[in-house]
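Please read these points with the sequence and the model side by side. They follow one part of the chain and then turn to the whole.

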Amino acid sequence: RAAPGARCSLPERRGHAGAFQNPGPLDIASELSREFFLVGESFVITTHRISTGFARYDMMLTRRHLILIDSSSARFEPNKIPLTTILSVAAGRVATGEPVITLAFSEDTGTKDQQPQNLLFAQRPGEHRKRERDLWIRKLMEQIVLARQQEICGGAQSPAGEPTPRP
């Protein structure tokens, strides 16, 4: 938290609050937003066909969470990862050439599993998702920085849900 009397300056947010930047045809936001969002939380970007281990997910990035939603018929509970628990974000690719994002978590996440998590952007034959992965890395890093700054500044928000500096 900021020291008493200190001013926190948060960078200006660009773009439309809640605007979609969805590189795929999937529109998961309209149906799921009421179920997974906190007040003032908005979509940053969504995508589909993300694999972790043997499971396939739709993935959403909000201002506060990275959300993995089971896209199979099993429909397991969504995995909501608070952005403030993500320690690092790294780009890579697997032996088959598919792009991957590797997330490392801080030790104070409160979960048992502290292992890095690979988010594989599954590709169809002839498809290339490297640019999409790169966009996700940029957006993830931006939102992690904003979430950490908001946490440090005491979580002050404007009525529109945007972070605001504390006096």
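**Notes on the strands**

1. Strand β7 (residues 117-121) runs antiparallel to β6, and four bridges join them. One of these pairs is Val-100 with Leu-120 in β7. Strands count as paired if DSSP finds at least two bridges between them.

2. This is a predicted model, in which local features need pLDDT of at least 70, side-chain atom pairs count only at pLDDT 80 or more, and totals for chains, interfaces and linings use all residues. Residues are numbered from 1 along each chain as its sequence is written, and side-chain values use heavy atoms, with hydrogens and water left out.

3. Strand β5 (residues 86-93) is also antiparallel to β6, with seven bridges. Arg-93 has Pro-99 in β6 as its bridge partner. Five residues lie between β5 and β6 in this hairpin, and Gly-97 in the turn has a positive phi of about 95°.

4. Is strand β6 (residues 99-105) mostly covered or mostly open? Mostly covered: five of its seven residues are buried. Buried means under 20% relative accessible area, exposed over 50%, and partly exposed in between (1.4 Å probe, protein chains only).

5. Lys-80 belongs to strand β4 (residues 79-82). Its relative accessible area is 32%, so Lys-80 is partly exposed.

6. The protein chain has two helices and seven strands, in the order α-β-β-β-β-β-β-β-α from the N terminus. Helices (H or I, at least four residues) and strands (E, at least two) are DSSP runs, numbered from the N terminus. Of the 167 residues in the protein chain, 41% are buried.
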